[in-house]
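Look at the sequence and the model below.

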Amino acid sequence: MPRTPTDALPALDLDEVRRGLEARDAELRERIGVMAAAPERGSTLSFGKRIGDGTIEAVGRLTDVGVGTTLELEEARVARALEKLDDGTYGLCDACGRPIAPKRLRAMPESVLCIEDAAKLRR
Ligand SMILES: [Zn+2]
């Protein structure tokens, strides 16, 4: 199994990181899969007709859509981090190639960008 240079990652156990990411990936896929497979409920619901279960359910569905998008984005990041573990570039920024701060990797093991490039993306 390829190894990231240890000087870039003094205190990270890559096997542990991989296990954590794989578990997270499986969990995210399951949650995304469950949502994608859910029957299309409430397509005939109309807002405002009657305050009650229908309204609450419609709001719940809107929330689910937002969660789904976030989950898919997170799953994509986790999958990319696992890919980087495989090709030995885990811990190196996808944009500039410099090492990502170990502190950042411990807080967010799915990080594939250094803090500077992540900040650029958000702008
Ligand atoms: Zn960078």
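## Contacts of Ala-81

Ala-81 is in contact with Leu-21, Tyr-90, Pro-109, Glu-110 and Val-112, leaving aside its neighbours within four places in sequence. Two residues are in contact if their C-beta atoms, placed from the backbone, lie within 7 Å.

This is a predicted model, in which local features need pLDDT of at least 70, side-chain atom pairs count only at pLDDT 80 or more, and totals for chains, interfaces and linings use all residues. Residues are numbered from 1 along each chain as its sequence is written.

## The nonpolar core

Ala-81 belongs to the largest nonpolar core, which has 8 residues: Val-17, Leu-21, Leu-28, Val-78, Ala-81, Leu-85, Tyr-90 and Val-112. Helix H1 (14-37) and helix H2 are the elements that give two or more residues to this core. A nonpolar core is a set of buried Ala, Val, Leu, Ile, Met, Phe, Trp, Tyr and Cys residues joined through C-beta atoms within 7 Å. A residue is buried if 20 or more other C-beta atoms lie within 10 Å of its own, exposed if 12 or fewer, and partly exposed in between, with C-beta atoms placed from the backbone.

## Leu-85 and Tyr-90

Leu-85 is in helix H2. Leu-85 counts as buried because it has 22 C-beta neighbours inside 10 Å. Not counting residues up to four places away in sequence, Leu-85 touches Leu-14, Arg-18 and Tyr-90. Arg-18 is 67 residues from Leu-85 in sequence, yet their C-alpha atoms are 7.3 Å apart in space.

Tyr-90 lies in the loop between helix H2 (53-87) and helix H3 (102-107). Tyr-90 is buried because 27 other C-beta atoms lie within 10 Å. The C-alpha atoms of Tyr-90 and Ser-111 are separated by 8.9 Å, and the two residues are 21 apart along the chain.

## The annotated span

UniProt lists residues 88-116 as "domain: Zinc finger DksA/TraR C4-type", in an unreviewed entry. UniProt positions are given in the numbering used here, feature names are shortened, and annotations may be inferred rather than shown by experiment. The span 88-116 is 28% helix and 0% strand, and its end C-alpha atoms lie 22 Å apart.

## The whole chain

The chain has 4 helices and 0 strands. Helices (H or I, at least four residues) and strands (E, at least two) are DSSP runs, numbered from the N terminus.

Of the 123 residues of the chain, 15% count as buried. Among contacts between residues at least 6 apart in sequence, 61% join residues at least 24 apart.
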